[in-house]
Amino acid sequence: MSLNCGIVGLPNVGKSTIFHALTLTKAEAANYPFCTINPNTGIVPVKDFRLKKLAEIFKSEKIIPTTVEIKDIAGLVKGASKGEGLGNQFLGHIREVDALIHVVRCFDSQDIVHVHGEVDPLADIEVIEMELIFADMESLEKRWQTLTKQNKGTNPLQQKKINASLFILEQAKKHLEQGKPLRSLETLSDEEWQELESMMFITAKKALYLCNVGEEDLSKPDNLYVQKVKTYAQAHNAKVLTICGKVESELAEMENEEEREEFLRELGVSQSGVSLLTQTAYDLLGLKTYFTAGPKEVHAWTFKKGTKAPQAAGIIHSDFERGFIRAEVYSYDDLSTYGSEAKLKENGKLRVEGKEYIVQDGDILHFRFNV
């Protein structure tokens with residue numbers, strides 16, 4: 001799967017620090033704007049508790065998790081839609097991703113410069129959102145003009161299709177003119193929304209607001225900054241997650257898992273923010289997981305909701321899809337309950353499915369094929 005998330009936000013909010021913690025790579029990070037110009041890209045494993053359990057049951061030699069691709073995009077500034085701060089280049093990078101992780105500064109610090117002189121997460125969000133809205137309005141206007149020209153002199157069937165697209169653009173324009181991102185537009189049908197998504201508007205992409213808090217706030221209830229972001233996100237159809245970039249960066253430098261777990265316990269938290277973020281990013285992209293398992297390895301495979309068995313097999317190898325015969329299927333939950341494939345068979349929990357079977361998250365599959 002080539003789907004990916006882009007990390008966006010103002011300069012100096014912690015994007016590159018969090019990216020480094022995610023990927024264990026040294027993304028360029030410094031206390032000045034635009035230290036990241038070209039986007040850094042990392043393939044990040046998604047932590048899944050089911051893999052360890054499967055490896056124990058099958059006595060597997062190796063575990064291969066699913067992954068999500070993350071891009072660290074340079075900080076946007078006010079006027080980006082008009083080219084300020086290399087804005088056109090950065091907006092182009094944002095258009096290329098499938099979902100947005102918007103890092104918002106929710107901590108006070110005398111040592112880290114804020115580009116606007118004070119910490120105000122809602123004002124920061126508004127700067128980014130408005131630049132993306134302006135960029136979408138410009139794209140919308142160009143598309144409107146193109147469709148209007150095409151509508152002249154075409155046959156009635158084609159005119160009907162173009163008029164339907166113009167109606168969608170009209171609804172989108174009204175929403176953008178109210179200063180609202182397209183992801184919160186609720187007046188379209190499912191079919192109309194799918195067409196709108198295909199037009200590649202930035203603010204129609206799914207979004208996660210990532211609140212970067214200080215270490216002292218990590219184990220406490222949400223601080224005032226985070227509370228404001230959550231209220232805003234709820235009104236704009238976006239998710240929220242809290243993380244401490246400084247802590248995650250320190251965790252990334254530690255040598256082993258036991259050391260990391262001890263550090264988290266001392267902070268009063270049970271799971272690292274990076275683990276939560278990768279899981280949330282995976283969900284944000286609409287991705288699901290099925291497994292293949294045996295003594296050699298347990299392998300997690302990524303698929304989109306609604307994928308049928310032959311296409312799921314094709315994710316492993318094109319020959320599996322081309323020569324698909326059937327799939328032997330059981331669920332992770334049933335395996336956890338019964339403890340072995342033999343017990344599953346005894347209790348009628350192992351099924352044989354054909355070409356129309358829609359794969360479910362947590363399925364364990366064995367494909368039969370012939371080429």
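A cavity is here a set of grid points where a 1.4 Å probe fits but cannot get out, and a residue counts as lining when one of its atoms is within 4 Å of such a point. The model is predicted, and in the whole structure the search finds one cavity of 30 Å³ or more. The residues that line the largest cavity are V8, L100, H102, E129, L132, R183, A207 and Y209. At least two lining residues come from each of strand 5 (99-105), helix 4 (121-150) and strand 6 (206-212).

The largest pocket is lined by 31 residues, and those closest to its centre are K47, E257, R260, S272 and S275. Helix 9 gives the largest share of this lining, with five residues, while the other elements that contribute two or more residues include helix 1 (15-23), strand 2 (40-45) and helix 10 (273-284).

The two spaces are set side by side below.

| Space | Volume | Lining by class |
|---|---|---|
| Largest pocket | About 860 Å³ | 16 nonpolar, seven polar and eight charged residues |
| Largest cavity | About 40 Å³ | five nonpolar, one polar and two charged residues |

As for the chain as a whole, 14 helices and twelve strands are found in it, and 48% of its 371 residues are buried. Of the contacts between residues at least 6 apart in sequence, 70% join residues at least 24 apart. The accessible surface of the protein chain is about 19000 Å², and carbon and sulfur atoms account for 49% of that area.

Definitions and conventions. Residues numbered from 1 in each chain as written. Predicted model: local features only at pLDDT ≥ 70, side-chain atom pairs only at ≥ 80, totals over all residues. Heavy atoms only, no water. 1 Å grid on protein atoms, 1.4 Å probe; cavity = no way out; pocket = protein on both sides within 12 Å on 5 of 7 lines; lining within 4 Å. Points joined across faces, edges and corners; volume = space filled by probe spheres on them. Helix = DSSP H or I, 4+ residues; strand = E, 2+ residues; numbered from the N terminus. Nonpolar A, V, L, I, M, F, W, Y, C, P; charged D, E, K, R; others polar. Buried < 20%, exposed > 50% of the residue type's maximum accessible area, 1.4 Å probe, protein only. Contact = heavy atoms within 4.5 Å. Areas by Shrake-Rupley, 256 points an atom, 1.4 Å probe, with all protein chains shown as cover.
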